[in-house]
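Please keep the viewer open as you read.

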6 protein chains.
Amino acid sequence: MSKLLREYQNDEQFEANVLLKEIDVRRTQQGKHYLAMLVADRSMEMRAMKWDVTEDELEAFEAGQVVHLKAIRQTYQGNPQLRVLEIRATTAGESADAKDFMQAAPVKRDDLEEEVSQLVFQITNGTWQRIVRFLLKKYHDEFFVFPAAKTNHHAFTGGLAYHSLSIAHLAEAVVKQYDNLNGSLLYAGAILHDLGKVIELSGPVATKYTIPGNLIGHIVLIDEQIVLAAHELNIDLNSEDMLVLRHTVLAHHGQLDYGSPVQPMIKEANILHQLDELDANIQTFDQALEQTTPGSFSSRQWALNNRMIYHPQNSEPRSED
Amino acid sequence: MSKLLREYQNDEQFEANVLLKEIDVRRTQQGKHYLAMLVADRSMEMRAMKWDVTEDELEAFEAGQVVHLKAIRQTYQGNPQLRVLEIRATTAGESADAKDFMQAAPVKRDDLEEEVSQLVFQITNGTWQRIVRFLLKKYHDEFFVFPAAKTNHHAFTGGLAYHSLSIAHLAEAVVKQYDNLNGSLLYAGAILHDLGKVIELSGPVATKYTIPGNLIGHIVLIDEQIVLAAHELNIDLNSEDMLVLRHTVLAHHGQLDYGSPVQPMIKEANILHQLDELDANIQTFDQALEQTTPGSFSSRQWALNNRMIYHPQNSEPRSED
Amino acid sequence: MSKLLREYQNDEQFEANVLLKEIDVRRTQQGKHYLAMLVADRSMEMRAMKWDVTEDELEAFEAGQVVHLKAIRQTYQGNPQLRVLEIRATTAGESADAKDFMQAAPVKRDDLEEEVSQLVFQITNGTWQRIVRFLLKKYHDEFFVFPAAKTNHHAFTGGLAYHSLSIAHLAEAVVKQYDNLNGSLLYAGAILHDLGKVIELSGPVATKYTIPGNLIGHIVLIDEQIVLAAHELNIDLNSEDMLVLRHTVLAHHGQLDYGSPVQPMIKEANILHQLDELDANIQTFDQALEQTTPGSFSSRQWALNNRMIYHPQNSEPRSED
Amino acid sequence: MSKLLREYQNDEQFEANVLLKEIDVRRTQQGKHYLAMLVADRSMEMRAMKWDVTEDELEAFEAGQVVHLKAIRQTYQGNPQLRVLEIRATTAGESADAKDFMQAAPVKRDDLEEEVSQLVFQITNGTWQRIVRFLLKKYHDEFFVFPAAKTNHHAFTGGLAYHSLSIAHLAEAVVKQYDNLNGSLLYAGAILHDLGKVIELSGPVATKYTIPGNLIGHIVLIDEQIVLAAHELNIDLNSEDMLVLRHTVLAHHGQLDYGSPVQPMIKEANILHQLDELDANIQTFDQALEQTTPGSFSSRQWALNNRMIYHPQNSEPRSED
Amino acid sequence: MSKLLREYQNDEQFEANVLLKEIDVRRTQQGKHYLAMLVADRSMEMRAMKWDVTEDELEAFEAGQVVHLKAIRQTYQGNPQLRVLEIRATTAGESADAKDFMQAAPVKRDDLEEEVSQLVFQITNGTWQRIVRFLLKKYHDEFFVFPAAKTNHHAFTGGLAYHSLSIAHLAEAVVKQYDNLNGSLLYAGAILHDLGKVIELSGPVATKYTIPGNLIGHIVLIDEQIVLAAHELNIDLNSEDMLVLRHTVLAHHGQLDYGSPVQPMIKEANILHQLDELDANIQTFDQALEQTTPGSFSSRQWALNNRMIYHPQNSEPRSED
Amino acid sequence: MSKLLREYQNDEQFEANVLLKEIDVRRTQQGKHYLAMLVADRSMEMRAMKWDVTEDELEAFEAGQVVHLKAIRQTYQGNPQLRVLEIRATTAGESADAKDFMQAAPVKRDDLEEEVSQLVFQITNGTWQRIVRFLLKKYHDEFFVFPAAKTNHHAFTGGLAYHSLSIAHLAEAVVKQYDNLNGSLLYAGAILHDLGKVIELSGPVATKYTIPGNLIGHIVLIDEQIVLAAHELNIDLNSEDMLVLRHTVLAHHGQLDYGSPVQPMIKEANILHQLDELDANIQTFDQALEQTTPGSFSSRQWALNNRMIYHPQNSEPRSED
């Protein structure tokens with residue numbers, strides 16, 4: 001069995017099939033062509049360079065394709081990088097299904113679907129449940145396949161559903177602890193808040209911002225879908241239920257300068273925003289910790305206001321045996 | 001003929017009918033009731049106080065009503081204020097139509113309607129013209145009656161249409177001066193950009209923010225209407241025309257922290273934002289200048305980042321003749 | 001039985017014993033003395049004014065005392081206020097114990113103590129458990145009696161312990177949901193993070209900032225206590241356990257400009273900060289919601305970046321049954 | 001006829017004369033010399049590199065010179081760049097006049113001069129007209145030749161006069177639309193506001209900031225010239241006319257942190273600031289749009305707060321034929 | 001001998017002559033006239049109110065006049081305030097010279113003049129010395145009489161010269177301590193940096209901002225005078241000496257958003273800015289400390305970013321003897 | 001005698017012993033190993049590259065070691081850089097003591113010690129003197145050897161003591177000039193304020209932030225030491241002397257967002273902050289001026305808010321003789 005990308009040692013030479021996530025034909029400053037690639041399997045993704053390129057190779061490959069590499073793992077500016085010696089398309093018999101090479105949520109899709117399905121039952125407000133059901137049906141496949149972001153937090157296949165469920169589970173704990181909380185609103189908000197990303201982003205492979213993503217943004221894109229759904233379902237757009245749901249989704253970035261057109265003015269909207277941030281931060285910390293030796297600091301993390309983070313060494317979670 | 005509010009001298013006692021824009025029953029710190037009012041006629045609005053109040057008077061009046069006052073004009077903390085000696089409902093024969101007492105746009109409604117009608121013809125892009133026609137029809141009366149703001153710029157009857165047309169006229173000059181400008185987009189944007197205020201605000205008298213106004217805001221409220229209009233008119237919501245129009249309207253506050261969920265990324269969207277600001281600033285300056293003696297400075301203007309403004313004295317616009 | 005302050009109607013006259021939380025002798029602008037007071041019972045606190053004051057009354061009362069009032073409940077600038085007709089010290093037989101008139105955490109002290117005691121067992125890291133035990137012992141009474149803030153969130157007797165436990169309970173839910181979390185650190189941080197407030201604030205009645213509170217602040221004040229405790233317990237101050245614990249406490253305000261000398265660089269420190277904010281926000285929302293009629297907006301809330309908040313009306317938490 | 005720089009295809013090899021705008025002798029990281037150049041003709045400017053350099057070539061050329069190149073057009077990091085194979089001085093008979101290779105305002109200098117001349121007549125305030133005439137005479141050639149900026153908006157020969165006139169034309173439209181505007185002040189401000197750039201910048205070729213440009217800045221540099229002009233012309237420096245004119249020029253950046261020592265407190269000063277920004281933004285958009293394929297987004301634009309901009313594709317300005 | 005204002009006890013009634021610094025006829029909310037005054041002698045200034053006013057008294061007094069009061073010292077909102085029982089003009093034989101009632105620099109004018117005179121000799125750069133002499137001559141009296149600010153730091157007669165000399169003395173210490181410092185530039189900067197305040201402010205009594213003060217500001221006003229002085233003295237305006245001196249003065253607020261059109265780019269300009277801030281801060285602290293009981297905190301100080309300050313109690317400067 | 005690094009010309013080849021401050025094995029983008037070093041002698045430090053590296057050389061050297069180089073001085077991106085031809089360990093007889101190659105404070109250590117010793121006598125407050133003596137004894141060697149920063153101001157051996165003394169000397173001048181200043185507090189603050197850097201930084205060679213440096217920071221690290229010292233010396237931690245001293249040290253960064261947990265609320269704390277900034281700025285200017293040709297501007301200085309600075313040319317400090 002071929003090893004996973006994460007398992008190769010520095011300076012180790014190997015052959016393997018990988019998914020081509022990005023491929024760019026570039027020139028060195030001196031004018032020679034080379035291939036700058038981002039390759040991945042389900043363990044991680046890595047930059048890869050092929051320096052001497054034939055005319056044929058310049059146009060032979062495209063993002064989304066599975067290819068076969070002969071390469072050496074090296075380190076460039078602190079990060080692992082492949083020096084590619086040979087690259088070719090996969091041949092019959094070799095695994096060539098992109099899905100087998102994508103990082104995925106730590107929970108299986110079937111389980112995600114089951115959990116979502118149960119969560120919807122907990123939305124006891126009829127209006128909100130109908131809207132959620134309508135949009136989950138409309139964007140069913142995308143919801144379970146899209147990442148929650150282009151890079152950083154939950155940037156893996158299924159990341160969107162996984163992130164939404166994490167928030168919903170935190171919300172359940174909050175509802176249990178505090179009186180007078182509207183759980184239905186939190187659960188509906190958890191599912192809908194980032195659903196606009198299925199329009200904002202291009203998909204799970206070679207993820208880019210779409211034109212509507214840049215010009216409108218996922219917050220207003222999902223608001224549009226909620227409005228159209230209500231229209232379709234003959235729900236009164238002026239009802240408080242609709243205003244409260246839309247506000248909760250619109251305000252989930254918490255501040256105007258993070259792109260929400262309104263600040264959270266409803267308690268549950270504020271909680272949704274804070275749980276969203278909490279889950280995203282934990283995910284960002286985990287990704288950075290994975291690449292940081294215990295007892296040392298990471299590089300600066302853009303998604304954490306440029307902080308370095310520390311990976312504790314001796315301070316074990318549990319001292320018991 | 002009764003004089004207008006603007007025409008009374010300090011310490012002058014008079015009787016007149018005025019529109020009650022706000023009325024509040026309050027207590028002095030010592031616990032006595034008094035009436036704190038905002039009254040207006042078509043020349044201006046003014047604070048008014050009635051200190052000794054009978055039980056009957058406490059509940060006799062409400063905002064939006066025309067009343068008859070006996071009062072003295074005084075100055076309190078630099079601003080004119082009425083000390084009300086007597087207040088009663090109007091009697092038969094006295095003018096009691098609120099509309100006669102409201103400040104209004106300097107252009108008559110018929111003329112505003114005519115100008116808007118001609119402007120729509122200049123929107124040569126079919127998609128945008130249909131959307132604009134649809135929404136102008138849906139909110140026809142509100143568009144020509146609502147103010148453009150609760151206070152400050154264009155806070156008078158018809159202010160919304162007047163402000164929108166001012167921007168459109170500036171846009172025509174810009175289109176004439178620069179090549180490659182999409183006039184249709186500017187004109188459609190001029191009409192639609194603040195149309196959400198007919199939902200955000202309660203109306204021309206005793207203007208307040210509505211619940212949807214606070215929870216959703218006029219920017220997303222009009223986006224919702226554009227989306228529904230397109231749906232109704234069978235216009236493809238994913239067409240570039242729709243994305244570009246919505247972006248232009250969504251971005252018109254120019255910056256995220258002023259409430260736009262996206263920054264202007266299209267040239268015409270940026271121009272619309274700048275013309276909106278230009279027209280609003282001119283109106284704010286004009287209102288402050290009216291209350292500032294030539295050769296002196298105004299009080300600090302909240303709507304101009306707390307600047308004082310200066311009313312020049314000798315520097316006449318034109319020295320000729 | 002006397003009614004509670006919260007139960008009186010506007011304009012209702014009554015007699016009752018109340019706790020004097022603040023009392024100030026002031027002069028009106030015209031130079032007459034009056035008493036400006038803040039009074040409370042366990043249902044709420046309220047401003048109270050006595051306008052005609054005898055020489056004797058000027059010096060007869062002090063904050064912290066229980067007094068007997070004859071007063072009328074009125075409204076001043078939107079807030080309830082008492083107009084005091086008579087004030088006297090309590091007489092024998094009247095309840096005069098300040099503790100009976102203070103707002104308190106919704107959980108009884110015994111239960112708080114029991115919960116804290118169980119929480120300490122969950123701190124399986126020996127170093128942290130010893131530090132926590134040492135400081136809980138040193139400040140035992142203060143921890144269960146102090147408020148968590150001078151005003152706003154958890155500003156009631158026992159608020160500090162109640163707030164710390166709320167965070168700990170949220171932390172338990174987070175530990176259950178995510179892998180690789182150091183629960184011990186979260187629980188120790190939950191108990192210690194605000195413990196410096198027992199030095200920063202003067203106590204549960206007539207709470208003020210102390211001189212060390214202003215000059216050093218609760219964050220560094222508790223860091224000092226942690227350092228002294230470690231010294232006393234012969235724990236190595238340079239061990240990673242100590243650095244990690246101190247960092248977690250020092251960073252709990254999340255940002256330098258909120259007074260933390262370091263930003264959270266450890267995952268659990270970041271989570272503690274977010275849970276602290278979540279719990280404080282929920283409490284602030286709840287206090288504001290209590291004073292806001294369903295279907296309307298509150299006044300601007302200083303503790304929520306000056307936002308107004310909305311009290312939903314029809315959107316009930318649960319629609320079933 | 002040689003083609004223009006804009007007209008070469010990627011990978012096309014050609015010979016042409018170009019203007020050397022910048023030339024730097026640098027070393028590769030490995031220590032070999034190369035020439036890093038910025039070359040231009042009147043269609044555009046482009047980076048150019050010569051990798052293998054003889055000793056002679058190291059010192060043979062200087063910025064401002066016209067040279068003959070044999071080169072291949074390539075793309076480096078998304079931008080066009082020339083790989084220079086041969087470079088030599090022009091020989092007799094080849095066009096070697098730098099002026100033939102500079103980008104220029106889209107209006108001919110004669111026309112610019114004519115328009116400025118007519119504009120001055122519209123300044124009916126005698127004081128301002130005399131100051132404007134005096135300074136236009138003093139800096140006549142520079143005004144019509146300098147760019148309006150080192151890079152970005154109007155960074156071409158004649159850009160300063162062109163930008164000033166654009167603002168003046170917009171101002172005429174504004175004066176026509178609004179009552180009570182002091183056109184003289186707007187026109188005088190349009191001509192003078194950026195005139196300090198003829199001292200702040202070094203000239204139309206190889207434009208750099210001068211020492212006075214950096215230490216004093218164009219805003220105060222032109223204020224100095226206005227003061228000296230008034231002194232020369234025996235105009236009372238304390239007259240309101242002078243204060244108003246100087247304020248208008250000093251405030252034209254609109255905000256202290258953009259380098260204006262005062263915020264606009266006069267209506268016309270505020271308008272001048274807004275028209276300045278409008279014209280500069282339009283120019284910046286146009287330059288970015290030229291380099292952006294319809295239907296796609298530009299790179300981030302420093303001069304637009306780091307926004308990407310979008311070049312619409314189908315949304316034509318006019319649909320009629 | 002009459003006591004000084006600072007010496008009266010709370011509730012003490014007295015008669016004294018005082019300087020009327022401001023006088024305003026206002027109305028109470030109920031519409032009655034009263035006089036709101038700011039009075040002073042050389043020990044301090046104090047708010048003063050006269051509540052029952054005759055028609056005659058309304059127009060009898062003006063700012064700048066010395067008047068005779070019968071009054072009671074009271075406390076209003078934490079600050080001392082006079083309740084005026086009687087007010088009349090001074091009669092023959094009573095001291096009526098405003099100068100006798102103004103707070104003044106702690107150094108006598110003759111000594112200030114002598115110190116300035118010696119300082120000028122230390123400006124060994126001929127250009128700068130000539131400019132300084134020229135402007136000190138032009139504004140001689142104002143320099144020694146004006147305050148350095150309208151309120152807050154050095155807001156007393158002679159404050160401008162006193163503040164300038166304090167900076168110069170600090171600069172001498174800095175020059176002694178560090179190598180390679182241009183003392184001439186620091187001393188010239190110390191004298192000139194705030195000299196524009198003699199134009200920006202109206203004078204030592206009833207100090208207000210002038211129109212040029214508001215429209216141009218003291219920084220550019222003194223730059224104008226430096227330019228005109230150089231012109232008069234035939235000094236080359238383009239010489240480095242002139243650029244460096246002007247830069248030093250223009251940059252002395254240290255940051256664009258504090259009103260300097262350029263940031264300090266020259267070492268001595270940066271030092272001047274820091275010494276200016278140091279001296280102003282010390283003065284602001286001293287004024288606040290005077291009104292703060294040892295062992296307690298002041299109210300929030302606007303001029304210190306709204307900080308409270310602490311007046312230490314036991315921590316004496318010197319423990320010896 | 002070998003020349004100093006500062007003395008070599010561009011393109012000059014030489015052999016010399018230098019201190020290896022940093023050494024990194026990196027790969028070129030094409031995958032070849034090279035050595036990226038920072039080398040220094042007592043005149044300056046410089047980047048150095050060795051491109052062709054043998055296997056042996058990859059692991060032969062480490063930071064802190066003195067090595068012998070054969071190298072050519074070149075310029076890379078505007079900065080001097082060495083191209084290393086040969087590198088080897090020093091041999092017997094060659095100077096190999098790192099101390100001989102480190103930049104050092106301009107004052108000899110013996111003199112620094114003597115000055116500090118005298119300064120301590122000027123701390124007449126017994127509490128503060130005892131604390132200072134205790135900590136100077138505990139960290140005696142580090143105080144006189146550590147730099148005051150990793151890079152920028154006073155980043156040389158002995159920089160910490162030198163910087164502390166510079167502040168103390170400025171403080172003496174301030175104490176002499178102003179009344180009522182607590183010199184003891186300023187001198188104690190001068191010595192202690194940055195003493196935490198001996199824990200925050202790793203040492204004088206190859207200076208890095210330590211783990212406590214990153215997680216706690218030098219401000220709280222020294223506060224901890226002050227608290228432990230007081231404990232050891234039986235000084236009452238709640239005495240005003242202790243609060244005032246700790247506040248002064250904690251507040252010395254002047255603002256929360258520069259890492260001080262409290263703003264300066266005591267006059268001397270504010271002065272200490274300003275003198276700290278003054279001394280650091282002068283040092284930063286001096287370092288930048290050294291690398292800037294007279295009559296030109298430096299590159300942007302990160303430590304001065306990204307300002308360029310100007311090195312004046314003709315404006316000599318003294319014109320005499």
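The report below goes through chain contacts, salt bridges, strand pairing and one database annotation.

## Before you start

This is a predicted model, in which local features need pLDDT of at least 70 and side-chain atom pairs count only at pLDDT 80 or more, while totals for chains, interfaces and linings use all residues. Residues are numbered from 1 along each chain as its sequence is written, chains are lettered from A and ligands numbered from 1 in the order in which they are written, and side-chain values use heavy atoms, with hydrogens and water left out.

## Where chain F meets chain E

Let's begin with chains F and E. Here 49 residues of chain F are in contact with 49 residues of chain E, contact meaning heavy atoms within 4.5 Å. The buried area between the two chains is about 4200 Å², and carbon and sulfur atoms give 51% of it. Buried area is the accessible area (1.4 Å probe) that two parts lose on being put together, summed over both. On the chain F side, E240(F), M265(F) and K267(F) supply 15% of the area buried against chain E, more than any other three residues.

The rule finds 2 salt bridges across this interface, a salt bridge being a side-chain nitrogen of Lys or Arg within 4 Å of a carboxyl oxygen of Asp or Glu. D286(F) forms a salt bridge with K267(E), with the closest N and O atoms 2.5 Å apart. There are also 22 residue pairs in polar contact between chain F and chain E, both residues being at pLDDT 80 or more. A polar contact is a pair of N or O atoms within 3.5 Å; within protein, one must be able to donate a hydrogen and the other to accept it, and residues adjacent in sequence count only if both atoms are side-chain atoms. The elements of chain F that give two or more residues to the side touching chain E are α3 (126-138), α5 (159-177), α10 (240-250) and α11 (267-290). Of these, α11(F) gives the most, with 13 residues. Helices (H or I, at least four residues) and strands (E, at least two) are DSSP runs, numbered from the N terminus. By residue class, this side of chain F divides into 22 nonpolar, 17 polar and 10 charged; Ala, Val, Leu, Ile, Met, Phe, Trp, Tyr, Cys and Pro count as nonpolar, Asp, Glu, Lys and Arg as charged, and the others, Gly among them, as polar.

## Where chain B meets chain E

Chain E also touches chain B: 13 residues of chain B are in contact with 8 residues of chain E. Together these two chains bury about 990 Å², 55% of it on carbon and sulfur atoms. Which three residues supply 45% of the area that chain B buries against chain E? They are W51(B), Y76(B) and F297(B), which give more than any other three residues.

The rule finds 1 salt bridge across this interface. R27(E) and D11(B) form a salt bridge, their closest N and O atoms lying 2.3 Å apart. On the chain B side, β4 (66-76) and β5 (79-89) are the elements that give two or more residues, and β4(B) gives the most, with 3 residues. The chain B residues that touch chain E divide into 6 nonpolar, 5 polar and 2 charged.

## Strands in chains B and F

In chain B, strand β1 (residues 13-27) pairs with β4(B) in the antiparallel sense over 7 bridges, where two strands pair if DSSP finds at least two bridges between them. L19(B) has V66(B) as its bridge partner in β4(B). β1(B) also pairs antiparallel with β2 (residues 33-40) of chain B, over 8 bridges, and R27(B) is partnered there by H33(B). The hairpin of β1(B) and β2(B) has 5 residues between the strands, and G31(B) takes a positive phi near 100 degrees.

Now for chain F. Strands β1 (residues 13-27) and β4 (residues 66-76) of chain F run antiparallel and are joined by 7 bridges, and F14(F) has A71(F) as its bridge partner. β1(F) pairs with β2 (residues 33-41) of chain F in the antiparallel sense over 8 bridges, with L19(F) opposite A40(F). In this hairpin, G31(F) takes a positive phi near 105 degrees.

## Chain A and the wider assembly

UniProt, in an unreviewed entry, places the feature "domain: HD/PDEase" at residues 156-290 of chain A. UniProt positions are given in the numbering used here, feature names are shortened, and annotations may be inferred rather than shown by experiment. This span is 65% helix and 0% strand, and its end C-alpha atoms lie 15 Å apart.

Over all chains, the count comes to 90 salt bridges. One of them joins the side chains of R109(A) and E113(A) (2.8 Å, N to O); both lie in helix α2 (residues 109-121) of chain A, 4 residues apart, about one turn of the helix. Finally, chain C and chain D do not touch, their nearest C-alpha atoms being 21 Å apart.
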